[in-house]
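I open this entry to record what I looked up in the structure shown below. The notes follow the order in which I consulted it.

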Amino acid sequence: MAENKRRGEDAGDERLPEDAVVDDTAEDDATSEDEPVTRGGTATRERARADSTEGRKTRKDTERIGLFARIARFFREVVAELRKVIWPTRKELLTYTAVVVTFVAVMLAIVAGLDYGFAKAVLWVFGNPS
């Protein structure tokens with residue numbers, strides 16, 4: 001029962017026997033002459049040139065906008081982006097903070113232990129001058 005309800009399979013699908021041979025070349029030959037082969041997502045040179053020239057702003061367009069207008073637009077865009085942010089709840093924030101502090105404390109202990117051990121090893125190898 002579970003085998004019939006796999007993803008992409010219908011209960012009424014007719015399956016070929018395992019030893020059946022399927023000739024796909026006949027269908028491929030017919031379609032290759034009728035339709036050109038294209039790769040999905042590739043752009044032609046004409047399209048790339050058209051897209052690149054549409055989005056360009058001339059120097060005159062940017063000079064018309066004053067300094068304070070550009071600064072105001074920047075802050076409006078910052079506020080608009082901050083509205084899109086999914087802010088964590090207080091509980092999530094406390095959990096994330098505890099995880100970070102714990103991780104930093106563990107790493108600090110590991111590095112301090114290695115530093116102390118290597119310092120003792122160097123003093124043992126090269127002798128203690130005092």
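I took a salt bridge to be a side-chain nitrogen of Lys or Arg within 4 Å of a carboxyl oxygen of Asp or Glu. I note that the model is predicted, that local features need pLDDT of at least 70 and side-chain atom pairs pLDDT 80 or more, and that totals for chains, interfaces and linings use all residues. Residues are numbered from 1 along each chain as its sequence is written, and side-chain values use heavy atoms, with hydrogens and water left out.

**Entry 1: salt bridges**

I looked up the salt bridges and found a count of 2. Side chains of opposite charge can pair when their charged atoms come close. In one of them, Glu-77 is joined to Arg-73, with 3.7 Å between the closest N and O atoms. In the other, Lys-84 meets Glu-81 at 3.2 Å, N to O.

I then checked where these residues lie, taking helices (H or I, at least four residues) and strands (E, at least two) as DSSP runs numbered from the N terminus. Glu-77 and Arg-73 are about one helical turn apart because 4 residues separate them in helix α4. Lys-84 and Glu-81 also lie in helix α4, 3 residues apart, about one turn. An α-helix has 3.6 residues a turn, so residues three or four places apart point the same way.

For accessibility I used these classes: buried is under 20% relative accessible area, exposed over 50%, and partly exposed in between (1.4 Å probe, protein chains only). Lys-84 counts as exposed because its relative accessibility is 59%. Glu-81 is partly exposed at 46%. Glu-77 is partly exposed at 46%, and Arg-73 is partly exposed at 36%.

**Entry 2: nonpolar patch and aromatic pair**

A nonpolar patch on the surface includes Leu-67, Phe-68, Ile-71, Phe-74, Phe-75 and Trp-87, and its residues together have about 960 Å² of accessible area. Areas come from the Shrake-Rupley method with a 1.4 Å probe, and for residues only the protein chains shown count as cover. Trp-87 sits in the loop between α4 (67-84) and α5 (90-126), and Trp-87 is exposed at 57% relative accessibility.

For aromatic pairs, ring centres of Phe, Tyr and Trp (its six-membered ring) must lie within 6.5 Å; planes under 30 degrees apart are stacked, over 60 edge-to-face and the rest tilted. I found 1 aromatic pair. Phe-74 and Phe-75 have ring centres 5.4 Å apart and planes at 70°, so the pair is edge-to-face.

**Entry 3: overall structure and α5**

The protein has 5 helices and 0 strands. Of its 130 residues, 0% count as buried.

Helix α5 has 37 residues and spans 53 Å from first to last C-alpha, close to the 54 Å expected at 1.5 Å a residue. After α5 comes Gly-127, with a positive phi near 90°. The unreviewed UniProt entry lists residues 93-114 as "transmembrane region". I found residues 93-114 to be 100% helix, with the end C-alpha atoms 32 Å apart.

Key. Patches are made of residues with over 30% relative accessible area and no salt bridge: like charges are joined within 9 Å, nonpolar side chains (Val, Leu, Ile, Met, Phe, Trp, Tyr) within 5 Å. The expected span of a helix is 1.5 Å times one less than its number of residues. UniProt positions are given in the numbering used here, feature names are shortened, and annotations may be inferred rather than shown by experiment.
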